Amino acid sequence: MKYVLKKILTLIIALLLISIVVFLAFSVIPGDAAISKLGTEATPERIAELREMLGLDKPILERYFIWLGNAVQLDFGTSYQYNVSVNSLLGTRIINSSILSIISFIMVIVFSIPIGIFSAKRRSVPGRTAMTTITQITMGVPSFFLGVLITYLFSIILKMFRLGDFVSPADSFWGACAYLVFPAIAIALPKIAMTVKFLTTSIRAELHKDYVRTAYAKGHTKNGVLYGHVLKNSLVPVITFMGVIVAEIVAGSIIVEKVFSVPGVGTLLITAITNRDYPVVEAVVLLFAFLIIVINFIVDMIYKIVDPRVKI
Amino acid sequence: MKKKRNYNLIIGCIITGIVLLLALVGLFWTPYPTTQMSLELKLAPPSIAHIFGCDHFGRDVFSRVMQGMGTTFLVSITTVSFGMIVGTIIGFLAGYIGGWFDEIIMRINDVLNAFPSILLALVLVSFFGSGLLNVIVALGILFIPSFARIARSEMLRLKGLQFVQSARLIGDSHGRIIFSQILPNAYTTILASAAVGFNNAVLAEAGLSYMGLGVQPPDASLGRMISEAGSYLLKAPWYAIFPGVAIIVLVLGVALISEGVSKID
């Protein structure tokens, strides 16, 4: 219990720290929001008026608390670019991006564990070299290039989907999923390779331990030792690694969404950055930060349940 | 016993050598001027004169890949070196001084480390604005935390060892201890992680220019070429494939070298 409380406390501190950094970073950016909104030819009175309306005339500490208070109530202000609330922009995009990330994560889990076991079983030199080469190359492929290759293969040659034909999950949930499978492959493949490499190393390390020798001595078969004893133990470090993978999937989706023109949080972030639409950037960055920190917290908790020896 | 050949290292060195040569030459000379356009050669398939084909403006893709690799390489080397130097200094200081300074630096590090690099790069670019120079600054800052962490743990490992204690006893200054006792013993570990950093830098630079935030046209960059090629996949798939393969080869070569080096003992 003490462990959980301590973890929750660090979680809150981390979130506060990030909120301060995000707020400060976007407050010191040269170019006042009021001026950029009105253009350089606006009269000083008009600028002062708008500054007051946007609350830019208040001291920075007060502005931070107002901003934080609003953010806690999930009010991120108004987009400069579209002149609508950031929330209305985020709404459906969050759902699209979440579906994409979930499909990718399922792919990573479903494929990497069997492939990892298969790879760890390779004892011969050619077998091992082949597996390392394949994983090494897959890890080096940038996800957006993979996205382009997948578009070429599945859309142009096999005609399985048409680029840009994304249906909103509100209209057809399975239609949206069917489209998102392709970007999900682009996101998941390098992550599968990373997990396979990690799991292979983990299983191999475990195979050298004393209890494995004992298990063999008791008369277990090779597979009996692997599935009955080794696998359970070698999956424990993989849990922590999954935290990293989820964060990487979320980040990887930003760029892959652009490749497949999925209207998600990532495409929104890229356009917001190009157009210097700071309220949107702030909101998306906070959202991602929150997500990643919470994921790490969940991973820590699962780890604690799986392996009660863990202390902080 | 016959010594096993270190194939990873050999193949990695060959690949990286060729790529490096092409990239460095590409900074100064390319078979065709990278901005030379031609209407007849629009999306021309690979031929003997243009081995990688031509793009939608009839520019030679091979020349542009060479120049793009050069830029990517320069950006990666600069940013990793910057991150390595600043990160090592911060990490050494944190480890050497310890106490609250160490605590603050490491907590910031923990938070930054939890974030995927491309996300941090995006945040920094949105802060500094797009363009090549800003990407270099953003990526440079991005690499500081990972090196700081490694440098700190090396410092903590070495600080307690006897030769450092003796140096302190004979009255060496702090600077002398750090530079002539700690650094020579720590640099192999730090350099090994530079290889990982280099690959992250290549992928991050390519990703940012794919999103249109890095190198600005008409200069060639691998990421932007792939992004432009996306619209011509049906007519000219080679236009997308060659720059992509160039990125993979760049990353693979360095990855093989670092794998090979880790096996030398």
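Trainee: Let's start with α2(B) and α7(B): is their crossing left-handed or right-handed?
Mentor: Keep in mind that we're looking at a predicted model. In it, the way α2(B) and α7(B) cross is right-handed.

Trainee: And how do α2(B) and α7(B) lie to each other?
Mentor: In chain B, α2 covers residues 61-97 and α7 covers residues 174-210, and their axes come within 8 Å. They cross at roughly 140 degrees, while roughly antiparallel would need an angle over 145. So the word for how α2(B) and α7(B) lie is oblique.

Trainee: How many charged residues sit in the contact of α2(B) with α7(B)?
Mentor: On the α2(B) side you'll find, among others, Val75(B), Met84(B) and Phe92(B), and α7(B) brings residues including Ile182(B), Phe198(B) and Glu205(B). Sort the contact by class and you get 13 nonpolar and six polar residues, and the number of charged ones is one.

Trainee: What share of chain B counts as buried?
Mentor: Along its principal axes, the C-alpha atoms of chain B fill a box of roughly 75 × 55 × 30 Å. To count as buried, a residue needs 20 or more other C-beta atoms within 10 Å of its own. Of the 265 residues in chain B, the share that passes is 47%.

Trainee: How many residues does chain B put into its contact with chain A?
Mentor: Chain A brings 32 residues to that contact. Among the helices of chain A supplying at least two residues each are α1 (2-27), α10 (222-259) and α12 (278-306). From chain B, the number of residues is 30.

Trainee: Which helix of chain B do the axes of α6(A) and its partner bring within 9 Å?
Mentor: The axis of α6(A) and that of its partner, residues 237-263 of chain B, cross at roughly 130 degrees. That makes the two oblique, and the crossing is right-handed. On the α6(A) side the contact uses Gln136(A), Ile137(A) and Gly140(A), which face Ile248(B), Val251(B), Leu252(B) and Ala255(B). The partner helix is α9(B).

Trainee: What is the phi of Ser261(A)?
Mentor: Most residues other than glycine have a negative phi. Ser261(A), in the loop between α10 and α11 of chain A, isn't a glycine, yet its phi is positive, at about 40 degrees.

Methods
Residues numbered from 1 in each chain as written. Chains lettered and ligands numbered in written order. Predicted model: local features only at pLDDT ≥ 70, side-chain atom pairs only at ≥ 80, totals over all residues. Contact = placed C-beta atoms within 7 Å. Helix = DSSP H or I, 4+ residues; strand = E, 2+ residues; numbered from the N terminus. Axes fitted to C-alpha atoms, helices over the stretch in contact; angles between N-to-C directions. Parallel < 35°, antiparallel > 145°, perpendicular 65-115°, else oblique. Left-handed = near helix turned anticlockwise from the far one by under 90°. Nonpolar A, V, L, I, M, F, W, Y, C, P; charged D, E, K, R; others polar. Buried ≥ 20, exposed ≤ 12 C-beta atoms within 10 Å, placed from the backbone.
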